Amino acid sequence: MRCIVCDQSNWENVDQFRIKKEGMSLCKTCGFVSYPNKYKKKEDVIEFYRKQYRAAPTVENLYQGQRKLNYHQEFLAEPIIEKWKKENKKDPVIFEVGAAYGLVLAWFKNMKDANGLFFPDADLNGTELTLTFRSNAWHEFGINLKEDFDDTKKYDLIMSYKVAEHMLDIDLELIRYRKALKPDGKLYISVPTWFNRLHNFGVGGFAIEYYYAPEHVNVWSKQHFEAVLKKTGFKIIKENNAYYDNTYLCEVDTERKDSDVSIQIPLPSAAQVKEWLIRIKAADELCQKKMCAEALEQWPNFPIARRALYEYHRKEWHSKGIDEIMKEIIKPWLAIDSDSYEAYILGADLLMRYDKYQEALNYLKMALVRRPKCETALGAISNCYRSLAKKSNDAEDKIRYLKESRDIMKFIRGKPR
């Protein structure tokens, strides 16, 4: 298999940095990590996702889908949704690659205010390989998902949310998407990125086998993915690195030609990526031995080790006091990863343990910027207001805090699942 970043076939097996041998390999030319021998052809991947990757949608899928809708709403509001409304565009042509059970396309279909639907004549299209998910999209939303991208149309918006890591030859697919966009069309694309924050993508904790799950054919670094976007003729016009790793809104780079295959984004070397693989494996092993400080020396941006550094030694930290805890635990974490939702949540949690509710509220509001409408942060904010009401000696303040707490819990209870 060729490397989709540099087009070479110069691989080195790096299974030693996993637990199970799966054929994880490093491109010795550009440092990209993939599984070149696991899926020989596109049909192998398609068959896997049709039936083996996941079962029928569950309540957990509904919860995850709603969480992602919150991200879509925040990210697309100004550049897409509000723009289309101002243009009175009633019939945008939209395609979602890997549309799951149709929730996002249905969201566009049903978007409205008191004056009616925003996009009543929207032309909604999408792909999905998992058979049960496609069936759900049809029976619940009336959306007929296909197996392959329809490049016979021209689109206002093409969406690919957490799909590009699963696809062989994604560079060739991106070229198809680019050619199918209208002159002012946009590509909305999001991918998990490796070699930054050590976490399980979308779920809590960290497990190295999950981190390098082989269904993620493409193990992106931020630099490698942005190089592929550039290589395939896209220009990034907006990005967010907090919601769910790396999310981009792109438009066609009209100055780039298909014949121009050069990559002008500096990439980490193969030696550098191999060093990262070594350090990640070492950090994971040290963390499992509860040697959290040593794990953080290997990989500082390791959320579970940051939290454990406090939790395993609470008595010692308590003797230092909350100011020192924040200085030694939270501030260094935010210094290396200012987009870390986990850092803000832990900081708020620690401050609440020491009855510093106003300070905790500041951290929780920053957490909500990074995870819009997240129930965990909202619930903690409600608890802060309730605690402030109990502490206050002013009747008006008590009432105000309790109303704030009540309204937040009503909002959480009323959120669609």
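Where does K162 lie? K162 sits in the loop between strand 8 and helix 5. When I say helix or strand, I mean DSSP runs numbered from the N terminus, with helices being H or I of at least four residues and strands being E of at least two.

Before going on, a word on what we're looking at. This is a predicted model, where local features need pLDDT of at least 70 and side-chain atom pairs count only at pLDDT 80 or more, while totals for chains, interfaces and linings use all residues. Residues are numbered from 1 along each chain as its sequence is written, and side-chain values use heavy atoms, with hydrogens and water left out.

Okay, back to K162. Its phi is near 60 degrees, which is a positive value in a residue other than glycine. Most residues other than glycine have a negative phi. K162 is also buried, with a relative accessible area of 9%. Buried here is under 20% relative accessible area, exposed is over 50%, and partly exposed is in between, using a 1.4 Å probe and protein chains only.

D7 is another residue with positive phi that isn't glycine, and its value is near 70 degrees. You'll find D7 in the segment before strand 1. Is D7 buried or partly exposed? D7 is partly exposed, at 35% relative accessible area.

Side chains of opposite charge can pair when their charged atoms come close. For a salt bridge, the rule is a side-chain nitrogen of Lys or Arg within 4 Å of a carboxyl oxygen of Asp or Glu. How many salt bridges does that rule give? The count comes to 35. D7 belongs to a network of salt bridges that links it with R2, D169, D171 and K231.

Let's walk through some of the pairs. R18 and E209 meet through their side chains, at 2.8 Å from N to O. R18 is in the loop between strand 1 (11-13) and strand 2 (25-27), and E209 is in helix 6 (residues 208-211), so this pair ties together parts 191 residues apart in sequence. R18 is buried, at 3% relative accessibility, whereas E209 is partly exposed, at 22%.

Then there's K89 with D156, a salt bridge at 3.2 Å, N to O. K89 comes from the loop between helix 2 (59-86) and strand 4 (93-97), and D156 from strand 8 (residues 155-161), so here the tie is between parts 67 residues apart in sequence. K89 is buried at 18%, and D156 is buried at 4%.

What about a pair inside one helix? E173 and R176 form a salt bridge at 3.2 Å, N to O. Both lie in helix 5 (residues 170-180), three residues apart, which is about one turn of the helix. E173 is buried, with 10% relative accessibility.

Now for helix packing. Two packed helices are described by the angle between their axes and the distance between the axes. Helix 12 (residues 322-336) packs with helix 13 (residues 341-353) at about 175 degrees, and their axes are 10 Å apart. Those axes are lines fitted to C-alpha atoms over the stretch in contact, with angles from 0 to 180 degrees between N-to-C directions. So helix 12 is roughly antiparallel to helix 13, a label for angles over 145 degrees.

Which residues make that contact, meaning heavy atoms within 4.5 Å? On helix 12 they include I322, M326 and W333, and on helix 13 they include E342, Y344 and G347.

Y344 turns up again in the surroundings of R370. Leaving aside neighbours within four places in sequence, R370 is in contact with A242, Y243, S338, D339, S340, Y341 and Y344. R370 lies in helix 14 (residues 357-370) and is buried, at 9% relative accessibility.

Last stop, L181. L181 is in strand 9 (residues 181-191) and is buried, with a relative accessible area of 7%. L181 and K153 are 28 residues apart in sequence, and their C-alpha atoms are 8.4 Å apart in space. Setting aside neighbours within four places in sequence, the contacts of L181 include Y155, I158, F234 and V252.

Terms used. Angles under 35 degrees count as roughly parallel, over 145 as roughly antiparallel, 65 to 115 as roughly perpendicular and the rest as oblique. Contact means heavy atoms within 4.5 Å.
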